[in-house]
Number of protein chains: 2
Amino acid sequence: MRKTALLAALAATALPFSAFAQGRPAPAPAPAVSAEVAALRDAALKDDVAYDIVEGLTTEVGPRLAGTEAEARARDWAVQKLTALGFKNVRIETTPMSVWVRGVETGEVVAPFPQKLHLTALGGSGATPPEGITAEIVYFPSFADLQRAPEGSLKGKIAFVSNAMVATQDGSSYGQFGAARFVGPGIAAQKGAIAMVIRSIGSDHGRGPHTGQTNFPKGVAPIPAAALSTSDADNLSRMVARGQPIKLHLVLTPRETGQHDTGNVIAEVPGTDPNAGLIVVGGHLDSWDLGTGAIDDASGVAITAAAAKRLLDGPAPRRTIRVVWFGDEETGGAGAAAYFAAHKNERHDLVAESDFGADRIWRVEFNLPDSAKPAGDRVAAALAPLGIVRGTALGGDGADIALLVKSGVAAIDLNQSGTRYFDYHHTPEDTLERIDPEQLRQNVAAWTAMLAVIANAPEEIGTTKAKP
Amino acid sequence: MRKTALLAALAATALPFSAFAQGRPAPAPAPAVSAEVAALRDAALKDDVAYDIVEGLTTEVGPRLAGTEAEARARDWAVQKLTALGFKNVRIETTPMSVWVRGVETGEVVAPFPQKLHLTALGGSGATPPEGITAEIVYFPSFADLQRAPEGSLKGKIAFVSNAMVATQDGSSYGQFGAARFVGPGIAAQKGAIAMVIRSIGSDHGRGPHTGQTNFPKGVAPIPAAALSTSDADNLSRMVARGQPIKLHLVLTPRETGQHDTGNVIAEVPGTDPNAGLIVVGGHLDSWDLGTGAIDDASGVAITAAAAKRLLDGPAPRRTIRVVWFGDEETGGAGAAAYFAAHKNERHDLVAESDFGADRIWRVEFNLPDSAKPAGDRVAAALAPLGIVRGTALGGDGADIALLVKSGVAAIDLNQSGTRYFDYHHTPEDTLERIDPEQLRQNVAAWTAMLAVIANAPEEIGTTKAKP
């Protein structure tokens with residue numbers, strides 16, 4: 001067997017390479033893919049609906065920060081679009097949230113090498129006075145170095161953590177290196193820092209800084225906290241390497257604007273079996289304010305709606321497919337919390353979220369009860385011709401579906417390839433140009449196949465052993 | 001002969017493909033490359049001096065707009081660096097110039113699809129009132145469409161030209177599509193426009209706008225003129241395609257700050273023959289203010305100085321090599337004009353400028369008098385092992401050397417590959433990250449070989465038939 005053929009066989013059977021290397025027996029044959037599922041899947045490889053949604057949302061609405069009037073415009077746009085597509089029970093469910101908005105944001109090295117820095121405030125950042133602050137930096141190559149800094153050692157200083165994230169296909173480097181953003185400013189504040197700058201949590205080498213939420217512990221007053229572009233952070237690190245003290249001037253004037261509405265937009269493909277549970281698929285409608293939210297997450301709402309639309313246009317499925325475009329995924333998850341509070345007592349058979357761009361889906365992972373495992377096998381078989389491998393970890397990722405998954409609802413993850421996602425994530429560069437129409441169509445085909453199998457599965461889909 | 005071998009042979013002989021296709025005779029054999037030249041060239045493939053200069057200038061000085069204190073700091077930095085490298089007669093020659101500086105610059109679509117636009121003022125742009133202007137756009141797909149607009153038809157409007165430049169290896173698309181920037185705002189002003197926005201003259205698909213000088217005809221008051229990022233321009237074009245009138249709000253507050261000094265930094269490798277003419281090589285020290293001027297043109301000053309340094313460290317060449325780091329190439333060429341005024345009566349045997357980034361040199365072109373043609377053949381032979389083809393057009397490109405070339409000084413162009421240069425040119429993205437150290441070294445090797453041949457050429461190098 002030639003090596004490429006061996007690798008293809010391995011991909012098709014989704015066994016780790018070591019299984020063959022150790023001479024284990026071949027796996028059980030995959031179930032046959034029904035002609036209906038295959039036809040739906042293959043037709044979706046010519047889909048135009050998903051691109052139309054991404055193009056429309058980024059062009060006609062653009063950035064849509066949670067709780068702002070732009071997000072409200074996006075909800076109105078969504079209702080119009082989903083209604084035009086023929087979905088049933090299209091509606092908005094609003095909920096109040098605390099809203100944070102960006103202000104002025106400038107930064108510069110004052111000494112010894114004066115030059116401007118490209119930076120952006122992190123969500124939840126505190127503000128400097130309008131005239132800004134000037135202070136010396138304390139340099140930490142890694143988040144762990146910041147954690148080890150003695151109490152009080154940052155008094156009057158600006159902390160600078162420069163850890164560099166490198167792209168991974170599964171996005172796992174985000175969780176690890178992202179800590180500098182998620183909780184770094186809170187830690188720096190507790191050690192006396194008057195502000196913090198981080199190297200953007202991103203895999204690019206450009207000037208567009210990556211924003212994103214940071215969270216301060218209860219009782220810790222938010223300090224000004226900003227992400228430098230990776231290029232600016234590396235420049236600042238080179239200055240640090242010269243050995244002289246470095247002074248920064250920062251002006252960051254974000255502010256809290258109080259309580260405003262966010263909301264979820266909901267649309268349905270009605271099912272035929274009133275006793276079957278709901279299938280919830282979707283993504284989030286809100287975006288960060290720097291880009292136009294193409295890969296995060298116009299593509300997610302577009303892919304899931306385009307796939308559901310393919311079932312809408314055919315024979316009614318057994319289970320109702322509910323498309324949910326969540327509000328406020330980015331700054332706190334108020335939309336997801338509101339959905340769970342309002343709908344947790346309805347029977348949900350499965351949830352799945354698309355929130356990792358629109359590059360090709362390379363892997364599927366499941367969290368299904370034993371009763372539904374055969375349906376999972378049929379999903380994996382239907383996805384294999386799209387080049388999708390079956391992973392071994394438990395599915396159920398996605399901030400918007402976390403509460404449902406935790407409550408025991410089954411989940412399937414269709415994992416997009418993340419090798420370039422963090423070049424653009426939360427930056428001004430998250431725009432329509434980042435969408436590859438061919439890969440977007442592969443996404444729609446995968447979601448269509450998954451929905452076609454699960455929505456019509458004759459098996460009962462009960463409660464899972466929830467993820468911890 | 002296999003096709004790849006045929007192509008390699010063609011590259012080596014620098015004959016157009018059609019020459020072989022038509023069965024013409026083989027060219028005369030190339031001259032042998034002297035062992036000294038080959039050794040200098042090959043040692044330069046391990047050069048670290050050029051990278052050190054680019055890294056230092058971008059880190060310790062950063063942006064250095066012509067006529068500003070940042071450009072003055074760059075001159076001081078340059079004197080220190082060139083002196084430390086051992087060059088002789090290191091000095092600054094200053095000259096006054098009119099200085100334009102950037103102010104506030106924001107833009108947004110007001111209706112029908114409100115969102116912010118990433119833009120930057122063009123050099124020489126006029127200013128809006130501090131509160132900005134709001135007006136409808138008139139859309140022109142190309143510069144020619146703007147030219148054809150009737151007199152007075154833009155009264156009270158903002159002109160928008162969206163022509164899209166595509167990268168070319170020789171950079172020729174810049175000249176063609178750049179007209180929208182070079183002279184477009186002046187034309188729009190003459191037709192009554194109150195402002196103009198263009199799609200950035202660049203080959204990227206990102207959010208970093210490309211600045212650059214625009215020139216208004218005598219007697220035409222500058223109007224506010226800005227470049228949208230290519231991504232924003234394409235978004236605006238998609239809005240235009242929806243068919244509704246589009247209103248923009250623009251705030252651009254650049255201003256003229258009066259007369260300030262720019263200057264050239266000069267350093268020499270003294271020659272042994274007092275009767276031989278000078279060889280002038282260099283690039284420009286100033287940069288636009290958005291990036292740190294790595295490819296435009298820290299790399300040019302670095303490559304030429306690093307190559308000259310290799311001759312400085314060996315036996316003294318016959319001809320004096322004068323390294324000139326010009327001031328104000330970007331906004332008007334005051335440095336080049338001052339050099340010409342001060343030095344035009346000295347005997348110059350050859351000029352050559354590096355101002356097209358640091359990707360690999362792919363072509364050499366000559367403008368030599370007949371007396372020096374054998375030296376040109378030896379240069380071409382010494383460059384061929386670096387993969388460099390001999391072009392057929394007349395050399396002598398480069399804004400800083402144009403006056404010397406016009407006066408009849410011989411010239412050699414070492415053309416960098418421009419396939420990604422205009423992704424970054426005049427944008428915030430022109431930073432150290434754009435420098436590929438390996439390709440930078442190939443540049444140094446090519447310049448070293450050229451200098452080694454020409455500086456020691458026994459031939460007289462007289463006056464050329466200057467380019468028209």
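In chain A, 8 strands build an open sheet of mixed pairing, in the order E1-E10-E12-E11-E13-E16-E14-E15; two strands pair if DSSP finds at least two bridges between them. The edges are held by strand E1 (88–101) and strand E15 (389–394) of chain A, each with a single partner strand, so one side of each is left without a neighbour in the sheet. From one strand to the next the twist averages 20°. Angles run from 0 to 180 degrees between N-to-C directions, and axes are lines fitted to C-alpha atoms, for helices over the stretch in contact.

This is a predicted model, in which local features need pLDDT of at least 70 and side-chain atom pairs count only at pLDDT 80 or more, while totals for chains, interfaces and linings use all residues. Residues are numbered from 1 along each chain as its sequence is written, and chains are lettered from A and ligands numbered from 1 in the order in which they are written. Helices (H or I, at least four residues) and strands (E, at least two) are DSSP runs, numbered from the N terminus.

Within the sheet, strand E11 (residues 278–284) and strand E12 (residues 321–326) of chain A run parallel and are joined by 6 bridges. Val280(A) stands opposite Arg322(A) in E12(A). Helix H5 (residues 69–84) of chain A packs on the sheet, where it touches E1, strand E10 (255–269) and E12 of chain A, and its direction makes about 10° with that of E10(A). Contact here is between residues whose C-beta atoms, placed from the backbone, lie within 7 Å.

The whole of chain A has 16 helices and 16 strands. Its C-alpha trace spans about 70 × 55 × 40 Å along the principal axes. For 468 residues a compact globule would have a radius of gyration near 23 Å, and chain A agrees, with 23 Å; the radius is taken over C-alpha atoms, and the globule rule is 2.2 Å times the number of residues to the power 0.38. Of the contacts in chain A between residues at least 6 apart in sequence, 83% join residues at least 24 apart.

Most residues other than glycine have a negative phi, and most peptide bonds are trans. Asn89(A), in strand E1 of chain A, has a positive phi near 50°. Asp328(A), in the loop between E12 and helix H12 (334–343) of chain A, has a positive phi of about 50°. Asn89(A) is exposed, with 12 other C-beta atoms within 10 Å, whereas Asp328(A) is buried, with 28. A residue is buried if 20 or more other C-beta atoms lie within 10 Å of its own, exposed if 12 or fewer, and partly exposed in between, with C-beta atoms placed from the backbone.

In chain B, a cis peptide bond joins Ala111(B) and Pro112(B), with omega about 5°.

A rotation of 180° with 0.0 Å of shift along its axis superposes chain A on chain B, with RMSD 0.0 Å. That is the relation of a two-fold axis. Copies are superposed by least squares on the C-alpha atoms of residues with pLDDT of at least 70 in both. In chain A, the C-alpha of Gly208(A) is nearest the axis, 4.2 Å from it. Between the chains, 19 residues of chain A are in contact with 19 residues of chain B.

Conventions
Two residues are in contact if their C-beta atoms, placed from the backbone, lie within 7 Å.
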